[in-house]
Amino acid sequence: MSTPHDLFNSLKSFDLGNGQRGQLYSLPALEVAGLGPISRLPVSIRIVLESVLRNVDGKKVSEANVRELAAWTPNAARTAEIPFVVARIVLQDFTGVPLLVDLAAMRSAVAKLGKNPKIIEPLVPVDLVVDHSVQVDFAGDPAAMQKNLDLEFSRNRERYQFLKWGMQAFDTFKVVPPGIGIVHQVNLEYLAKGVLTASAIGGAGQVHYPDTLVGTDSHTTMINGIGIVGWGVGGIEAEAGMLGQPVYFLTPDVVGVHLTGTLNEGVTATDLALTITQLLRKTKVVGKFVEFFGPGAVALPVVDRATIANMAPEYGATMGFFPIDEECVNYLRATGRSDKDCRAYENYYREQGLWGIPQAGSIDYSQVVELDLSTVKPSVAGPKRPQDRIELGNLRREFFQAVQRPVTENGFGKSRQAFGTSVKVQTASGKKATIGTGSVLIAAITSCTNTSNPSVMLAAGLLAKKAVEKGLKVNPAVKASLAPGSRVVTDYLKKTGLQPYLNKLRFNTVGYGCTTCIGNSGPLDPAIEEAVTKNDLVTASVLSGNRNFEARVHQNIKSNFLMSPPLVVAFAIAGRVDIDFSCEPLGDDKDGNPVYLADLWPTLAEIREAMQSALKPEVFRKLYKDFAAQNPKWNEIPSSVGNVYEWDRQSTYIQEPPFFTDFSMEPGAIRGISGARALGIFGDSVTTDHISPAGAIKKASPAGKYLLENQVTFEDFNSYGSRRGNDRVMTRGTFANVRIKNLVLGGEEGGNTLGPDGSKMSIYDASMAYQAEGTPLIVLAGQEYGTGSSRDWAAKGTNLLGVKVVVAQSFERIHRSNLVGMGVLPLQFKEGTTAQTLGLDGTETYDVVGLDASLRPQQDLSLRITRRSGAVEVVPVTCRIDTPIEIDYYQHGGILPYVLRQLIAAA
């Protein structure tokens, strides 16, 4: 770092706990200097304030920024923009590969201008964890993991070669190879340090500061469980952060969640996370920080806190933050961090007045929400959204009603007679099964949300043990899988002797990665898939994941339920979700006696006994070193060399994107949009999965046709997620989800629309036709547009389809930011106005009026609608460019051209 400043006399020394002293930027010193009651600010705000204070340079971060944030009040208008400089960045490979493609493209653009390509270089440590590529092609087989790993490497060889090029081309870019774990669990167990240090220039000693980060995955918030400030951003925003730009965001409200009481016997951390998700969605915390406090929070172990923090995107918050206390330092020690680092960590936070979870009345929050943990009941969530919690005893009735509800009300639009439909099938392995409405076809213990928590993983193993001992088996129609978030899980399941019981129920380990949680569930048995599609059955998946949006888990499984790992095992045995576990048996034991869930559920004492084997520092140290030895296939991948990537024009995985084609140093002007046509009109809760799917590529889709034209066989299509380094595939895949409903076609499912000539065609083909005519495009949508994963291709693809503006009733935080970052204008309808109240059908033309060089954040603009009849209606809308820096990004055509122009100008 540069020579440290001493603004507000804030540069202080403190005891490191090892006989030495370090330096820090003191938050209590700000209160002494008269900047306000700093000690009453939410802990999360104070940690951001430390970064703002430490990084004051008079250019990107000013003294005024410190004063503004120090003066945070609970319920002020949120107009101040915070320049937050993070300590590090984490990536997963689905978002990390396209990010690296962009960096490589920026280097190519710099080289073409005759400048030094090395000016494009991450300025903070960047860790990429390869976890999104493994698919469950094989399951229920002792060799499943090795088979899936072999397939992963054969499918992704090009991508992995490209990552290896990145490792040698960029100085601060590191990769955790495939087969090690899921990014957020690896971050929690290994990458996170709690406190970082930088050597000051001029021999001033080491300055210590909090570990903070952003990640290119929305569930980066899992790290909030250990008191580390961090959240998910789009890849384009992360790239800017790497290249020296602060992460800009509006000063947030902070909602305090006061936890009291304790969880009852039989209630899991998953049940608590689903309850909080439902509660906070109703509280409307989108774009806000959530901070947990009170005696209930103190009593929760870090692994339970991490499960709750992980699901912050599902409840809509920027963060789900737990402050730092004894539990945090105990977890760091238990996971192999050194005693020296742990002492420095504790002393740092004590010195800053940040030690301990606050109690009621000690912090000023924007709003306080109460939750008594003793009121939490065993629950699942679904069938289409993670916030739709259902108490376990009500699932049968709720599913029965969901099947009959209209599709527009999150139902399936079937008649009551659908429950009588069943089909007999014979699987490829010769097993016979009967499937029908409510049949469980996928049961997956998956996702960092739960696999990072030994209590629920061991509960699953204990339930499996009791089930096997009673002679129960998993229903033959079920594809069961276990995908641990790290190799540590495998270690303790083996040491406790529970893995063999899971194996007997076909929950064999299939790989170390996200798998089913992100849609990499692999194929169903052909006979089962044919029966489902031919009879249009409403079947189910059950998974210990965090997302269950339509067509995410599997394109042909319509209902998907989130739940704890032990419940996943229970539903796999029962084979159906239309069951009431309180009074119906899962099956019969060896003697023909009915077995109920209560007969199998492990006690808290049994779980605690098994937990003795779970957190051993020496195991973490052993499994988080020498990654290459744990996965020799990574060593076999060759790497190209050089600072500028040599693009292979024949590759179907990695292509130079068109974002810097004809790049010049002069930005464009902000001007109005006229004569736009609607590419799509969508309803509520359109997710980034709908906009930019991650799963399988259909043969007949525009992306599938492109791959076939480029001599890629259907068997080698891989997934959309794995091909995010190729804009040709991703643009064709935008709005190509089989479940997206376009109201231009009356709500018809599939990625189609009306073209310029009025005929039905794919959204991609319509876009190309409109662009050929020079017609700008618009997308209109309902509430929560862009909810879900922090998927930058949902914005990149929108841009490349020629969409200039998206008008919605409301936006999810990351996607709105990503749209601006790609030069797409987000506009928001006023309350009470929707595409439906306006009677829009896609035949109109649209003008955005009032858009010019004087544009201000959140300014009101006008949307002029000209109907086919010639009638004109002018509708007021709010410009959702929220901050001054975003105005600059928009003028420059996006964040990347803005940053590139800055770097070249400074070189």
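Which residues do ring pairs link into a cluster with Trp165? In this predicted model, the cluster joined by ring pairs consists of Phe162, Trp165, Phe170, Tyr645 and Trp647.

**Overall architecture**

The protein has 907 residues and a radius of gyration of 27 Å, which agrees with the value near 29 Å that a compact globule of this length would have. Along the principal axes, its C-alpha atoms fill a box of roughly 80 × 75 × 55 Å. The secondary structure consists of 33 helices and 36 strands. Of the 907 residues, 64% are buried. The accessible surface amounts to about 30700 Å², and carbon and sulfur atoms account for 49% of that area. When contacts between residues at least 6 apart in sequence are considered, 75% of them join residues at least 24 apart.

**Aromatic pairs**

In total, the structure contains 30 aromatic pairs. One of them is formed by Tyr345 and Tyr349: the ring centres are 5.2 Å apart and the planes stand at 70 degrees, so the arrangement is edge-to-face. An edge-to-face assignment requires planes over 60 degrees apart. Both tyrosines, Tyr345 and Tyr349, belong to helix α13 (residues 339-351), where being four residues apart separates them by about one helical turn. In general, an α-helix has 3.6 residues a turn, so residues three or four places apart point the same way. Tyr345 and Tyr349 are also both buried.

**The buried side of helix α14**

Helix α14 spans residues 395-404, and its buried residues include Leu395, Phe399, Ala402 and Val403. These four cover an arc of only 100 degrees around the axis, which places them on the same side of α14.

Conventions: Residues numbered from 1 in each chain as written. Predicted model: local features only at pLDDT ≥ 70, side-chain atom pairs only at ≥ 80, totals over all residues. Heavy atoms only, no water. Phe/Tyr/Trp six-rings, centres within 6.5 Å; stacked < 30°, edge-to-face > 60°. Helix = DSSP H or I, 4+ residues; strand = E, 2+ residues; numbered from the N terminus. Buried < 20%, exposed > 50% of the residue type's maximum accessible area, 1.4 Å probe, protein only. Rg over C-alpha atoms; globule rule 2.2 N^0.38 Å. Contact = heavy atoms within 4.5 Å. Areas by Shrake-Rupley, 256 points an atom, 1.4 Å probe, with all protein chains shown as cover. Arc of directions from axis to C-beta.
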